[in-house]
Amino acid sequence: MVYDKEKLSAFSSAVKRETDSKIEQLKREVEEYEKAELEKVREDQYNRMFTYMQDQVQIIKSKYRQSITKFELESKRNLFVYRNQLTEQVFEQVQKRLLDFTKTADYQDFLLKQIQAAMKEFPCQTGVILLSKEDMSLTNQIKTAISNVTTVEADSKNHLGGFTIVNREQGLVADKTFQTALEEEKQQFYKTCGLRINF
């Protein structure tokens, strides 16, 4: 019986040791599993946070680019408006001076000389001279000075001075009005004065 007790005690100790060993092994496995799972969760959270941060950075960059683009467009628009205002002021002054010039005796001489020169270059032998209604008082002087002018008529579109030569049969026009010259000069002004705005 004593022998059985010792055997039983030895068996019980062996089972306890085996159990303790298994428990320790299971504890280590659980700890390793927990550690691995925690690492996975941490890695997953880190990746999510990194992706979120990257997305936020892209959103901020996009908003920043949009703000800069909007600012650049607004600045160019303001510059464009300001440039046009300056140009209009310059050409309003030029237009005023032209109108003042049309009221002088020098203008009459200038106009006659310009019409004579234009008629020499005009490809037709005859033509109708169109003048502003203010210049219609020069009709007799023009007809006397230039023999191949058949008619002098008022041009309702001409408010600044100058003249237009027209041959209706041939469909030819030589526009020498101050308004046309001013418009051409304005376009040239934009090209050469350094006020170009690139969009």
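Visitor: How many residues does α4 have, and what distance does α4 reach from its first C-alpha to its last?

Guide: A helix here is a DSSP run of H or I with at least four residues, a strand is a run of E with at least two, and both are numbered from the N terminus. The expected span of a helix is 1.5 Å times one less than its number of residues. α4 has 15 residues and reaches 20 Å, close to the expected 21 Å. This is a predicted model, in which local features need pLDDT of at least 70 and side-chain atom pairs count only at pLDDT 80 or more, while totals for chains, interfaces and linings use all residues. Residues are numbered from 1 along each chain as its sequence is written, and side-chain values use heavy atoms, with hydrogens and water left out.

Visitor: Which residues of α4 are buried?

Guide: Buried means under 20% relative accessible area, exposed over 50%, and partly exposed in between (1.4 Å probe, protein chains only). An α-helix has 3.6 residues a turn, so residues three or four places apart point the same way. In α4, F178, L182, K186 and Y190 are buried. They fall within an arc of 115° seen down the axis, so they line one face of α4; the arc is taken from the directions between the helix axis and the C-beta atoms. E184, K191 and T192, on the other side of α4, are exposed.

Visitor: Which residues of α2 are buried?

Guide: They are Y107, L111, L112, I115, A118 and M119. Their arc is only 135° around the axis, which puts them on the same side of α2. On the other side, A105, D106, K113, K120 and E121 are exposed.

Visitor: How many residues does the largest nonpolar core have?

Guide: A nonpolar core is a set of buried Ala, Val, Leu, Ile, Met, Phe, Trp, Tyr and Cys residues joined through side-chain atoms within 4.5 Å. The largest one has 22 residues, and L111, I115 and F163 are among those with the most contacts inside it. Two or more residues come from each of α1 (2–101), α2, β1 (127–131), β3 (162–167) and α4 (178–192). α2 gives the most, with 6 residues.

Visitor: Is A14 buried, partly exposed or exposed, and at what relative accessibility?

Guide: A14 lies in helix α1. Its relative accessibility is 33%, so A14 counts as partly exposed. A14 and S137 are 123 residues apart in sequence and 138 Å apart in space, C-alpha to C-alpha.
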